[in-house]
Amino acid sequence: MKTQYKQLTIYYFSGTGNAKHCAAWICETADRLGIKSDMIDISKTEVGSIIPPSAGTLVGFCSPTHGFHFPEITRKFIFRFPSTAGADAFVLNTRAGVRLFKIVIPGLSGVLHYISSIILMTKGYRITGLIPVDLPSNWISLHPAIEQAGTEIIYEKQKIKVTGFAEKILTGRPVYRALYDIVQDTIISPVTLGYILIGRFYISKSYFASRKCSKCMRCIKECPVNAVSVVNGRMFWSWKCESCMHCMNICPERAIETPHGFIIAFVYIVSITSSSAITYFITNFYTGPYHSWINNELISLTIIYALALPFYFITYRIMHYLMRFRIIERIMTLTSLTHLKYWGRYKAPTKF
Ligand SMILES: Cc1cc2nc3c(=O)[nH]c(=O)nc-3n(C[C@H](O)[C@H](O)[C@H](O)COP(=O)(O)O)c2cc1C
């Protein structure tokens, strides 16, 4: 197969290994085709120090999908990436593939391909590949981890897909597979905005370390965005956390949990206080038409949770402080679903 490239450079971000695997598969294909390749971890790279890629280079960006977009670390990296005079680029996102009755149900990419392509094109890149890859969901705060056998079946299929994609783009045949999803991607775009402006900050504070924590500090040392620190002798997650799930899945003691009980209590308190506040506001002050923004559930919910965010940060701090008391630590742990033995942790298979 003939290639037009002398160099392939892939910039990747990966919480639990899925996007890193995709980057590695593409580099393996490049090596087979005799193209020099490099894989560079976005979280360990200063974007300002990157030399603008020249013609004959293919630049790739591989990263997971978070809230129907790339996580902030990848978004900022692409935004600040140097311009080019003649290099090509591709964008690959890993998404949550769910296996149901032997079929892999695809995840949702949202707007990431469109926004990343526009940014890269304005910097002079010719886009030659846009592809979503459905690898196992790592979001174990939300659902139990997919068992290893299922993970391997998904990996086998997706490796073939990524290798085929790599062969095509490296030999000058563009692939725009991501554009097939344009309808559903556009429909969910308002959710992306809600996630970026509000949701991700809530999610950043959805971890705690139980008494099983041995203070090995692996979560602190390996956090790609330096969001974990020790506060008052206990692990603390700052709002910078990208929720990449790295810490939770690598913790050797399985001590990192999601405080489901605490989150449910918070949502319950917000919903009852906000509905009384809205009723009071409408009854006493509001004179506008009935079908106004205040009666639009999505808009009013967004406003309520935006206003409640500082309150959530404060209660997270209080919860963190109170966890020094054994009874509180026990309540937090026992009301966490991630504490259940069968819930498990996500491990990207090593054999691929
Ligand atoms: C906070 C968070 C948000 C996510 N949002 C999405 C999403 O919007 N769409 C989707 O298909 N998958 C979503 N996922 C699943 C991941 O994108 C998916 O598991 C990915 O393959 C993980 O890649 P990594 O191992 O390289 O981090 C989300 C996962 C997390 C932890």
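Predicted model: local features only at pLDDT ≥ 70, side-chain atom pairs only at ≥ 80, totals over all residues.
Local features need pLDDT of at least 70 and side-chain atom pairs count only at pLDDT 80 or more, while totals for chains, interfaces and linings use all residues. Residues are numbered from 1 along each chain as its sequence is written.

Let's start with the overall layout. The domain assignment gives domain 1 (7–184) and domain 2 (260–335); such bounds come from an automatic or database domain assignment. Taken over C-alpha atoms, the centres of domain 1 and domain 2 are 36 Å apart.

Now to the inside. A nonpolar core here is a set of buried Ala, Val, Leu, Ile, Met, Phe, Trp, Tyr and Cys residues joined through C-beta atoms within 7 Å. A residue is buried if 20 or more other C-beta atoms lie within 10 Å of its own, exposed if 12 or fewer, and partly exposed in between, with C-beta atoms placed from the backbone. The largest nonpolar core has 40 residues, and Cys22 and Ile26 have the most contacts inside it. The elements giving two or more residues to this core are β1 (7–12), α1 (18–32), β3 (57–64), α2 (72–80), β4 (88–100), β6 (126–136) and α4 (148–170). Helices (H or I, at least four residues) and strands (E, at least two) are DSSP runs, numbered from the N terminus. The largest share of the core, seven residues, comes from α1.

Take a look at Cys22 itself. Leaving aside neighbours within four places in sequence, Cys22 is in contact with Cys62, Leu92, Thr94, Val133 and Val162; contact means that the two C-beta atoms, placed from the backbone, lie within 7 Å. Apart from this core lies another, of 24 residues, among them Ala145, Tyr207, Met245 and Ile256.

Which residues come nearest to the ligand? Of the 25 residues around the ligand, they are Gly15, Asn18, Pro64, Arg95 and Gly107. A residue counts as near if its C-beta atom, placed from the backbone, lies within 6 Å of the molecule or strand in question. Both α1 and β4 supply at least two residues of this shell, and the largest share, three residues, comes from β4. By class, the shell has eleven nonpolar, 13 polar and one charged residues. For that count, Ala, Val, Leu, Ile, Met, Phe, Trp, Tyr, Cys and Pro are nonpolar, Asp, Glu, Lys and Arg are charged, and the others, Gly among them, are polar.

Two lysines are worth a stop. Lys36 sits in strand β2 (residues 36–41) and is partly exposed, because 13 other C-beta atoms lie within 10 Å. Beyond its neighbours within four places in sequence, Lys36 is in contact with Lys6 and Gln7. Lys347 belongs to the segment after α11 (326–334) and is partly exposed too, with 16 C-beta neighbours inside 10 Å.

Finally, a word on backbone angles. Most residues other than glycine have a negative phi. Asn232, in the loop between β8 (228–231) and β9 (234–237), has a positive phi near 50°. Asn232 is exposed, because its count of other C-beta atoms within 10 Å is 9. Ser243, in the loop between β9 and α8 (246–250), has a positive phi of about 55°. Ser243 is buried, with 24 other C-beta atoms within 10 Å.
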